[in-house]
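Hi,

Here is the structure I said I'd pass on to you. Have a look at it first, and then read my notes below.

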Amino acid sequence: MNRTLLVGLAALCCLLPATAQAKIESAFGIAIQSCVVNSNGSNQTNGINVVYSNTHPSAATEVDFLVGYHGHHYVMIDRGTFSQNATINHNLTNALVGYAWKGPAPHMCTVQRVMLANGRVLQ
């Protein structure tokens with residue numbers, strides 16, 4: 001009975017679709033809540049939507065995200081004044097625009113560099 005149940009569960013696991021999880025990594029005092037590849041509605045990419053917050057006492061003035069999507073890497077840059085603990089929800093379109101859209105999940109989304117208002121650069 002136990003062996004039959006185990007074989008059945010193993011077969012069920014093989015039948016379920018595998019979903020690739022994006023490697024989303026917060027770093028340098030930037031906490032990423034989500035990172036999604038946008039579609040322009042015509043089966044092409046249109047940048048990313050990223051939701052994050054700054055945990056530094058000093059405001060961030062630039063946050064650079066390294067995004068991996070279907071074998072390519074893109075640097076997405078967000079500039080502004082991002083206060084401590086404020087939730088930032090931005091669409092970034094300075095890269096990853098006009099490519100074949102293969103779904104909303106990037107393979108990787110990490111913080112590459114942060115510039116703070118106090119002059120510090122973290123990378």
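**What I found**

(A salt bridge here is a side-chain nitrogen of Lys or Arg within 4 Å of a carboxyl oxygen of Asp or Glu.)

Before you go further, keep in mind that this is a predicted model: local features need pLDDT of at least 70, side-chain atom pairs count only at pLDDT 80 or more, and totals for chains, interfaces and linings use all residues. Residues are numbered from 1 along each chain as its sequence is written, and side-chain values use heavy atoms, with hydrogens and water left out.

pLDDT is the predictor's confidence in each residue, from 0 to 100. The chain's average is 87, and 82% of the residues reach at least 70. Be careful with residues 3-19, though: pLDDT stays under 50 there, and the model gives them zero contacts beyond four places in sequence. (Contact means heavy atoms within 4.5 Å.)

**The overall layout**

The chain has one helix and eight strands, in the order α-β-β-β-β-β-β-β-β from the N terminus. (Both are DSSP runs numbered from the N terminus: H or I over at least four residues for helices, E over at least two for strands.) Of the 123 residues, 34% are buried. If you take the contacts with a separation of 6 or more, 61% of them are between residues 24 or more positions apart.

**The other salt bridges**

Searching the whole structure gives four salt bridges. Another one joins the side chains of Glu62 and Arg113, at 2.7 Å from N to O. Glu62 sits in strand S4 and Arg113 in strand S7, so this pair ties together parts that are 51 residues apart in sequence. Are these two buried or exposed? Glu62 counts as buried, at 7% relative accessibility, while Arg113 counts as partly exposed, at 24%.

Arg113 also forms a salt bridge with Asp64, the closest N and O atoms being 3.0 Å apart. Asp64 is in S4 as well, so this pair brings together parts 49 residues apart in sequence. Asp64 counts as buried, at 6%. Put together, Glu62, Asp64, Arg79 and Arg113 are linked in a network of salt bridges.

**Rings on the inside**

How many aromatic pairs does a search of the whole structure find? Three. (Rings of Phe, Tyr and Trp, the last by its six-membered ring, pair if their centres lie within 6.5 Å; planes under 30 degrees apart count as stacked, over 60 as edge-to-face and the rest as tilted.) Tyr52 and Phe65 are edge-to-face, because their ring centres are 5.1 Å apart and their planes are at 65°. Tyr52 is in strand S3 (residues 44-54) and Phe65 in strand S4 (residues 60-69), so the pair ties together parts 13 residues apart in sequence. Tyr52 is buried at 0%, and Phe65 is buried at 0%.

Tyr52 has another partner in Phe82: the centres are 5.9 Å apart and the planes at 75°, so this pair is edge-to-face. Phe82 belongs to strand S5 (residues 72-82), 30 residues from Tyr52. Ring pairs link Tyr52, Phe65 and Phe82 into a cluster.

**The core**

A nonpolar core is a set of buried Ala, Val, Leu, Ile, Met, Phe, Trp, Tyr and Cys residues joined through side-chain atoms within 4.5 Å. The largest one has 24 residues, and among those with the most contacts inside it are Tyr52, Phe65, Val67 and Met76. S4 gives the most to this core, with five residues.

Met76 is worth a click: you'll find it in S5, buried at 0%. The C-alpha atoms of Met76 and Thr93 are separated by 7.4 Å, though the two are 17 residues apart along the chain. Leaving aside neighbours within four places in sequence, Met76 is in contact with residues including Ile48, Phe65, Val67 and Leu96.

Cheers

Notes. Buried means under 20% relative accessible area, exposed over 50%, partly exposed in between (1.4 Å probe, protein chains only).
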